Amino acid sequence: MSETLPRYMTVAAAASIAGLHIDTLRKAIREGRLEAYRRPRATRVTPEALRAYMDLYLCPAKDQIGHFWNSIEGRGASSGGRAESASEARRVLRMKRALGAL
């Protein structure tokens with residue numbers, strides 16, 4: 001985060017800086033995880049409070065691994081679970097019937 005941030009910022013601006021959805025920060029404020037100053041029709045967050053929230057609650061590995069990483073790793077041999085495609089499931093079913101397993 002840049003050092004030229006304003007003293008107080010709106011929740012929308014803080015969400016933009018943190019790269020989070022505004023509702024995520026609003027929930028954090030409600031649950032007491034993010035310190036904020038509430039005024040009628042305005043809630044403000046300090047850069048220090050936002051930095052503390054991000055250091056404590058956000059995963060540092062989020063930026064290092066793509067959102068599809070787990071799906072790539074999970075395509076190997078499996079101990080069960082859902083077949084990758086309907087045609088694969090039908091092929092397995094035909095083989096089981098042919099072998100008399102069903």
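How many residues lie between β2 and β3 in their hairpin? There are 2, and Arg-41 in the turn has a positive phi of about 65°.

Good morning, colleagues. This is a predicted model, in which local features need pLDDT of at least 70 and side-chain atom pairs count only at pLDDT 80 or more, while totals for chains, interfaces and linings use all residues. Residues are numbered from 1 along each chain as its sequence is written, and side-chain values use heavy atoms, with hydrogens and water left out.

Let me begin with the sheet. Helices (H or I, at least four residues) and strands (E, at least two) are DSSP runs, numbered from the N terminus. The open sheet has 3 strands in the order β1-β3-β2, with antiparallel pairing; strands pair if DSSP finds at least two bridges between them. β1 (9-10) and β2 (37-39) stand at the edges with a single partner strand each, so one side of each has no neighbour in the sheet. Between β2 and β3 (residues 42-45) there are 3 bridges, and Tyr-37 stands opposite Arg-44. β1 is joined to β3 by 2 bridges, with Met-9 partnered by Val-45.

I turn now to the helices. The axes of α1 (residues 11-18) and α2 (residues 22-30) come within 8 Å and cross at roughly 115°; axes are lines fitted to C-alpha atoms over the stretch in contact, and angles run from 0 to 180 degrees between N-to-C directions. The two helices are therefore roughly perpendicular, a term for angles of 65 to 115 degrees. Their contact (heavy atoms within 4.5 Å) is made by Val-11, Ala-12, Ala-14 and Ala-15 of α1 with Ile-22, Leu-25, Arg-26 and Ile-29 of α2.

Finally, helix α5 (residues 86-99) has 14 residues and reaches 20 Å from its first C-alpha to its last, close to the 20 Å expected at 1.5 Å a residue. That expected span is 1.5 Å times one less than the number of residues. Just after α5, Gly-100 takes a positive phi of about 80°.

Note on methods
Parallel < 35°, antiparallel > 145°, perpendicular 65-115°, else oblique.
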